[in-house]
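User: I'm new to this one and would like to learn how to read its features. Can you walk me through them?
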Amino acid sequence: MTEQRVRWGVLATGGIAAAFTAALVDLPDAEVVAVASRTESSAKAFAERFGIERAYGDWDALAHDADVDIVYVATPHSAHRTAAGLCLEAGRNVLVEKAFTLNSREATELVALAGERGSFLMEAMWMYCNPLVRRLKSLVDDGAIGEVRTVQADFGLAGPFPPAHRLRDPAQGGGALLDLGVYPVSFAHLLLGEPADIKASAVLSPEGADLQTAALFSWDSGALAALHCSIVGGTGTSASVTGSLGRIDIPDGFFHPERFVLHRDGRDPEEFVLDPADGPRNTLRHEASEVMRALRAGETESPLVPLEGTLAVMRTLDAVRKRIGVRYPQEG
């Protein structure tokens with residue numbers, strides 16, 4: 001890594017890998033130098049698409065490429081532990097897509113391995129790096145709406161997804177919870193931390209994946225969170241945080257908002273809007289910029305996406321799965 005540019009490797013070639021690579025290409029201080037896939041043909045096609053110099057047909061070659069400062073792992077959840085672990089063992093820094101792993105046990109193993117190697121590790125929870133989400137959290141932390149009483153958030157896709165689709169395949173961590181529910185859960189964690197009590201209900205597919213899940217969290221403070229995710233119905237992806245002195249509403253796209261409205265008792269509503277300079281709605285560059293800032297500073301984790309927070313979210317997702325009866329084949 002030079003002071004000017006951070007050299008990235010991309011592990012996997014699916015849709016989210018392409019979106020993140022496109023964001024990296026637009027950053028002057030980032031350089032994508034290598035890509036790996038399970039097949040050389042897929043890696044070469046991806047490399048040609050984005051002008052990447054090296055294409056590997058196996059993960060190990062990328063993990064041991066000494067010219068790579070950090071590897072972005074974009075495989076399905078079921079392969080995160082293996083792929084990220086391979087890279088950490090080889091001495092690479094790693095950014096892992098969310099959900100971080102299949103379960104908290106795997107997450108704990110990766111965090112421990114990163115600590116042993118002294119490597120940077122972060123979950124790709126881009127929501128936490130979004131400027132408006134950071135502004136919302138700052139307002140809440142500063143008491144703009146008083147003591148938080150309730151959090152509501154939803155994320156649903158209309159589908160339908162056939163049984164063979166990744167989102168319905170338990171062996172790949174399929175279901176609404178890990179793909180979509182991780183966002184409402186992480187949003188509640190961002191504002192209130194790990195819940196003291198968790199209740200949940202779900203509709204399961206014949207394969208055993210959750211088609212939609214609803215969860216109710218509670219905290220010792222008296223706060224509650226009502227959260228929902230679905231792969232059988234498109235929701236508004238809205239969120240709301242209500243406090244003793246007011247409320248903040250994100251009308252749509254809460255995990256990458258363009259605006260939110262602050263309602264304070266006795267005052268006119270205040271609208272907060274994303275700066276046009278921050279780019280299009282689906283940008284991932286704030287996340288990439290935070291990773292590169294941390295690497296240059298010699299940090300092994302980001303204060304915006306701390307590892308203990310990631311572990312707490314994984315523990316919560318485990319608890320929700322236990323209550324709805326979802327278990328992945330790899331877990332025995």
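User: What classes of residue make up the lining of the largest pocket?
Analyst: A pocket lining can be sorted by residue class. In this predicted model, the largest pocket is lined by 14 nonpolar, 7 polar and 5 charged residues. The space inside comes to about 640 Å³. Its lining counts 26 residues, and those closest to the centre are Gly-15, Ile-16, Ala-74, Arg-166 and Asp-179.

User: Which elements give two or more residues to that lining?
Analyst: Those are helix H1 (15–25) and helix H7 (176–192). H7 supplies the largest share, with 4 residues.

User: How about the second largest pocket: what is its volume?
Analyst: About 280 Å³. Its lining has 16 residues, and Tyr-128, Lys-137, Leu-190, Leu-304 and Pro-306 sit nearest the centre. Here the elements giving two or more residues are helix H6 (131–141), H7 and H9, with H9 providing the largest share, 5 residues. Sorted by class, you get 7 nonpolar, 4 polar and 5 charged residues.

User: Let's move to a single residue. Is Ser-302 buried or exposed?
Analyst: For that, look at relative accessibility, where under 20% means buried. Ser-302 has 0%, so this residue counts as buried. You'll find Ser-302 in the loop between helix H8 (285–296) and helix H9 (307–324).

User: What does the side chain of Ser-302 reach?
Analyst: The backbone nitrogen of Leu-304, at 3.0 Å. If you set aside neighbours within four places in sequence, Ser-302 also touches Phe-120, Met-122 and Glu-290.

User: And where does His-256 lie?
Analyst: In the loop between strand S12 (246–250) and strand S13 (259–264). His-256 counts as buried because its relative accessibility is 12%.

User: Now strands. In which sense, parallel or antiparallel, does S10 pair with S7?
Analyst: Strand pairing is read from the bridges and their sense. Strand S7 (residues 148–156) and strand S10 (residues 224–230) pair in the parallel sense, over 7 bridges, and Thr-150 stands opposite Leu-224 in S10. With strand S9 (residues 210–218), S10 pairs in the antiparallel sense, also over 7 bridges. In that pairing Thr-213 stands opposite Cys-229.

User: How many residues lie between S9 and S10 in their hairpin?
Analyst: There are 5, and Gly-222 in the turn has a positive phi of about 100 degrees. One general idea to keep in mind while looking at strands: side chains in a regular strand alternate between the two faces of the sheet.

Key:
Residues numbered from 1 in each chain as written. Predicted model: local features only at pLDDT ≥ 70, side-chain atom pairs only at ≥ 80, totals over all residues. Heavy atoms only, no water. Buried < 20%, exposed > 50% of the residue type's maximum accessible area, 1.4 Å probe, protein only. Pairing = 2+ DSSP bridges. Polar contact = N/O pair within 3.5 Å; in protein donor to acceptor, adjacent residues only side chain to side chain. Contact = heavy atoms within 4.5 Å. 1 Å grid on protein atoms, 1.4 Å probe; cavity = no way out; pocket = protein on both sides within 12 Å on 5 of 7 lines; lining within 4 Å. Points joined across faces, edges and corners; volume = space filled by probe spheres on them. Nonpolar A, V, L, I, M, F, W, Y, C, P; charged D, E, K, R; others polar.
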